[in-house]
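Subject: The structure I promised you

Hi,

Here is the structure we talked about, ready for you to open. Have a look at it first, then read on for what turned up.

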Amino acid sequence: MTINDLLVRNVLENPDKNYVFFKDKTVTYGELDLMTNKVANSLISLGVKKGDKVSIILPNCLEFLYAMFGCFKIGAVIVPLNTAYSADEVQYVINHSESCVIFADLKYLKLIDSIKSNLKLLKKVILVSDKKPEDSLLLFSDLIHESSFVSPNSDVMGEDELSMIYTSGTTGKPKGVVQTHNS
């Protein structure tokens with residue numbers, strides 16, 4: 001069983017039931033499913049595939065959930081970044097995890113720009129913001145606007161990687177702890 005299977009079951013049984021309350025918004029299971037399909041299809045259009053690592057540095061927001069479940073749907077592995085990380089720590093984790101895409105809030109853009117030339121495998125920055133400061137960046141809202149609501153084809157299995165969460169690094173550099181859908 002995968003996280004995706006659990007979401008599908010809840011969507012079929014309770015599509016109009018609230019999944020999350022966030023600030024002044026509610027999102028139902030059905031709405032979550034459709035939004036995360038759009039994110040998954042967007043990632044596919046960027047060349048992200050099963051097993052690829054996708055970093056996320058966002059504050060508490062609905063887009064974090066959409067990015068996370070969108071990754072799960074295609075078998076991409078999320079690498080959540082601590083929002084208190086320094087530039088060196090962000091650089092280390094992105095490089096060590098071999099992340100190819102990052103979802104980032106506008107407030108972390110300067111930090112990412114300061115290390116971008118050292119991020120060997122990072123191909124795309126997806127910015128969660130109301131405004132686009134540079135033409136080279138992809139806005140989350142623009143990316144999903146052009147994507148399909150249709151569930152992507154997926155061969156994600158329970159033993160597939162789900163996330164890579166980094167330890168605090170008390171005895172050296174942080175270690176990436178891999179979790180599977182089964183865990």
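Below are my notes, going from the whole fold to single residues.

First, some housekeeping. This is a predicted model, in which local features need pLDDT of at least 70 and side-chain atom pairs count only at pLDDT 80 or more, while totals for chains, interfaces and linings use all residues. Residues are numbered from 1 along each chain as its sequence is written, and side-chain values use heavy atoms, with hydrogens and water left out.

**The whole protein**

You'll find 6 helices and 9 strands in the protein. Both are DSSP runs numbered from the N terminus: H or I over at least four residues for helices, E over at least two for strands. The radius of gyration is 16 Å, close to the 16 Å that the globule rule gives for 183 residues, so the protein is as compact as a globular protein of that length. (That radius is taken over C-alpha atoms, and the rule is 2.2 Å times the number of residues to the power 0.38.) Along the principal axes, the C-alpha atoms fill a box of roughly 45 × 35 × 30 Å.

How much of the protein is buried? Of its 183 residues, 48% count as buried. Here, buried means under 20% relative accessible area, exposed means over 50%, and partly exposed is in between, using a 1.4 Å probe and protein chains only. The protein exposes about 9,700 Å², with carbon and sulfur atoms supplying 51% of that; the areas come from the Shrake-Rupley method with a 1.4 Å probe, and for residues only the protein chains shown count as cover.

As for contacts (heavy atoms within 4.5 Å), take those with a separation of 6 or more: residues 24 or more positions apart account for 63% of them.

**Charges and salt bridges**

The protein has 19 positive and 22 negative charges, and their mean positions are 4 Å apart. Lys and Arg count as positive and Asp and Glu as negative, with His and the chain ends not counted; each charge is placed at NZ of Lys, CZ of Arg, CG of Asp or CD of Glu.

A search of the whole structure gives 5 salt bridges, meaning a side-chain nitrogen of Lys or Arg within 4 Å of a carboxyl oxygen of Asp or Glu. One of them pairs Asp33 with Lys73, at 2.6 Å from N to O. The two partners come from distant parts of the chain, 40 residues apart: Asp33 is in helix α2 (residues 29–45) and Lys73 is in helix α3 (residues 62–74). Asp33 is buried at 17% relative accessibility, and Lys73 is buried at 8%.

Another salt bridge joins Lys49 and Asp52 at 3.5 Å, N to O. Lys49 is exposed at 51%, whereas Asp52 is buried at 16%.

Then there is Asp155 with Lys50, at 3.6 Å from N to O. Asp155 lies in the loop between α6 (140–145) and β8 (161–166) and Lys50 in the loop between α2 and β3 (53–57), so this pair ties together parts that are 105 residues apart in sequence. Salt bridges with shared partners also join Lys50, Asp155 and Asp160 into one network. Lys50 itself is partly exposed, at 36%.

Most residues other than glycine have a negative phi. Which way does phi of Lys23 go, positive or negative? Lys23 has a positive phi of about 50° although it is not a glycine. You'll see Lys23 in the loop between β1 (18–22) and β2 (25–28), exposed at 74%.

Glu98 also isn't a glycine, and its phi is positive too, near 65°. Glu98 sits in the loop between α4 (87–97) and β5 (99–105). Leaving aside neighbours within four places in sequence, Glu98 is in contact with Lys53 and Leu121. Its C-alpha atom is 8.5 Å from that of Val54, which is 44 residues away along the chain.

Asn41, in helix α2, is buried at 18%. Not counting residues up to four places away in sequence, Asn41 touches Ser147, Ser148, Val150 and Pro152.

His145 is in helix α6 and is exposed, with a relative accessible area of 65%.

Cheers
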